[in-house]
Amino acid sequence: MSLLKLFGRKTFPKGIHPVEYKEQTSARPTRRLPFAPQIIVPLSQNIGKPPIAIVRKGQHVERGEVIAVADGALSVPLHAPVTGTVKDIELMPTPSGSKKDCIIIDTQPSSSQIPIQGEARDIEAMSRDELIQAVKDTGMVGLGGASFPTHFKMTVPAGKQVHTVIVNGCECEPFMTTDHRVMLENVKNLILGIRIAMKCVDASRAMIGVEDNKPDVLAAIKPHLPEDGSITIEAVETKYPQGAEKMLVYSLLGLEIPAGGLPADIGLAVFNVATLAEIGRLLPHGQGLIERVVTITGDDLEKPGNYLVPIGTPLRYILHYAGFNGQQAELILGGPMMGSAAASLDTPVTKGTGAVLVLDQRATKNDDILPCIKCGKCLQACPINLNPCELGQLAAKRRYDVMEEQYHLNDCFECGCCSYVCPSNIPLVQYFRIAKVLNRERRLNNG
Amino acid sequence: MIATKKLSSGAHTGTNVTVQRIMWQVILAITPATALGLFYFGWPAVNLFIITILSAILFEAFCLRLAGKVAISAILDGSALLTGWLVAMTLPPWAPWWIGVAGSGVAIILGKQVYGGLGQNLFNPAMLARVALLISFPIEMTTWANVAPINSSHAPNFSESWSITFSGLDTMAPIDAITGATTLGFVKTEFSQKHLLPDILADYSLFFDFLGWTRGSLGETSALLLGLGGLWLIRQGVIKWHIPVSLLLTVTVLSGFFHLMDSHHYLTPLVHLNSGALMCVAFFIATDYVTSPNTPAGQLVFGMGCGLLIFVIRTWGAYPEGAGFAVLLMNAATPLIDHYIKPRIYGRYRNGKPLEPKTVEQERKS
């Protein structure tokens, strides 16, 4: 056990303390965003094969109806976020940066937009495999941002055994407050979702980890915890990236996930709170994931807040509704640390989009890159003890193989701490992503 | 309305700590000690200071032009100004103009630009210049002016100072009346004549030394102001405590030990701490990011190495002061220190192999 544990505050070494900027939205209850006149649903929203569209141009779809079916183990289905007419399936910009096939639906203005119900399910009576299939049918992926298919995470690999479910309620990204609102407003569904997850992975206990800047969440959840102590909630230090799986596991239990391994290697399964709360809401009614809570925030917005946004709502509509009145700004999907900059206003919100963040240009890093002065601030920030400084130098020399083999590039989960603290504005995470892609391509070409 | 960023990855925001800000904070930290030096040593020191800094910036601009880079933006980062400033601080205050120019030339061209510029150099540029000058021009580099504050009765006036800077000290007669030895130099000479402590330092005042009222390099005489500037830098988070503390502690412990063993032949730790370039080196030279290790443990080793070498050279070496040599030797060892002293990566053993999976049974046992 490390020294940190001796002083009682559950945390991990290193990391950073960026300004939180959460007060703009954290106290505002979630409201529903109106339906945009046109909805753009990318087929590919997560790792794995994109699902196969089963709707045709001109076809009428009801809100909640399946419009694309899963194709393979890692794939999940898609449901229509609105009642309307399929206009077309064509290439449109997506949050990943590239254009991908999207189902475009013209919203039917006169519709009541009541989602269709699936078959009701008795969770107690369902077997583990039936539950996992039911999770897959909801089209659920990790709502924390990584968008990993949830049913696949709930399938414990052969030979592994899980004893504890870790529920990640650490919303460590500045500006974002979606998980905060979900934990306040959706406690019963969250507890049900945790029970479903525990049953799927066959765990005997669950631990909710929440950052200690959310005492209201602790107070809201504690009365709902079962008396047998199978589900507990723990406060951990407010620090970035506390919400990273590797960091939270260390903070709560003092355990490390082996490099290149899974939480299941040390008997754990980790899920985001919003994911489990949504499963708890959808699964008993056999419904699919058609909307999610998104923090719409940043500079020059008239109506910032947390909104229940239909999947596929274009950014243009969101900015219009939130009353953006600024001149120059940059638009980020997700938080300022790990989110990606949107290249087009036609980009839609997808299952993994937790925030739409408008940053005044004064708030963003400028593009002037200075030479590395080896100040070592990135080494003091990197939560997994990599050497971003050396990795950055190697990237500049295009020694991508050395980065991977000697400096463990692939352990980097791109939290952005190094780029954040760099006084020379070196876009280290950008370099690392490029290096990883090129290494992967090289292996494919050689193999 | 909405600008698209060139970069798609985070972090999209940052801290207000920039390279320029760091350089200016260091400059601010060394300003009190420098100002005191300029006041104590008068107009010739001011001349030398300005010449050294201007030539450093000119050399930087020249090299950047030669390398086809945009000179203006690179000069604005403040690094050339800081290098020139540090060189000036380490020079004898009444040295002739060409010492300042040569020092800046060595520091900027040989110390920094030939390696590829900012952040690429192996050795601390200011110390490289100091040592190169000391070896090449031993007379000029060991002629120490007496303290003669600006406008005091025995200080050179403006025209006299002009001739000191541009024609050399020889024009001022008698030279022995206005120059002398530094504390460390004096002690070394006395030892060579078989004199013993504490008689050697009968006239020595630790207090005056502490305040900088003593012969020495332009900006290195006041341990008090240098120490305060250094502590401020640590407080500002510009430097970390590891190198200064381990360096100063090593010198203190070693000199304390030998002084206790034989107080006739070894100076007390207080004289060591107050003399020569020690404070300046501990806070502003050895802590140079580029040329020191980047892990806390590596920095402790680096500081200890510097302290050990400084003490050894001062005590048994041919030179009265060894800070420059010590720093350069440890600069050379820095890549090695960084190679061997690395933190353990999360999820891996020290040797880089991934951790073994932990089964439920093992977890229950532990």
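## Reading a sheet, a cavity and a pocket

Me: Which residue stands opposite A:Ile52?

Reply: A:Val69 in β5(A) stands opposite A:Ile52. A word on the source: this is a predicted model, where local features need pLDDT of at least 70 and side-chain atom pairs count only at pLDDT 80 or more, while totals for chains, interfaces and linings use all residues. Residues are numbered from 1 along each chain as its sequence is written, chains are lettered from A and ligands numbered from 1 in the order written, and side-chain values use heavy atoms, leaving out hydrogens and water.

Me: How do β3(A) and β5(A) pair?

Reply: In general, strands of a sheet pair through backbone hydrogen bonds, parallel or antiparallel. Here β3(A) and β5(A), residues 66-69, pair in the antiparallel sense over two bridges. Strands are DSSP runs of E with at least two residues, helices runs of H or I with at least four, both numbered from the N terminus; pairing takes at least two DSSP bridges.

Me: What is the strand order, and which are the edge strands?

Reply: The sheet is open, with three strands in the order β3-β5-β6 of chain A and antiparallel pairing. β3 (52-53) and β6 (78-79) of chain A are the edges, each pairing on one side only.

Me: What lines the largest cavity?

Reply: It has 24 lining residues, and those closest to its centre are B:Met23, B:Leu82, B:Asp288, B:Tyr289 and B:Val290. α3(B) gives the most, four residues. By class, the lining has 16 nonpolar, six polar and two charged residues (nonpolar: Ala, Val, Leu, Ile, Met, Phe, Trp, Tyr, Cys, Pro; charged: Asp, Glu, Lys, Arg; polar: the others, Gly among them).

Me: And what lines the second largest pocket?

Reply: That pocket, with about 970 Å³ of space, is lined by 38 residues, with A:Asn387, A:Glu390, A:Tyr407, B:Asp338 and B:Lys342 nearest its centre. α14(B) gives the most, six residues. The lining has twelve nonpolar, 17 polar and nine charged residues.

Notes. 1 Å grid on protein atoms, 1.4 Å probe; cavity = no way out; pocket = protein on both sides within 12 Å on 5 of 7 lines; lining within 4 Å. Points joined across faces, edges and corners; volume = space filled by probe spheres on them.
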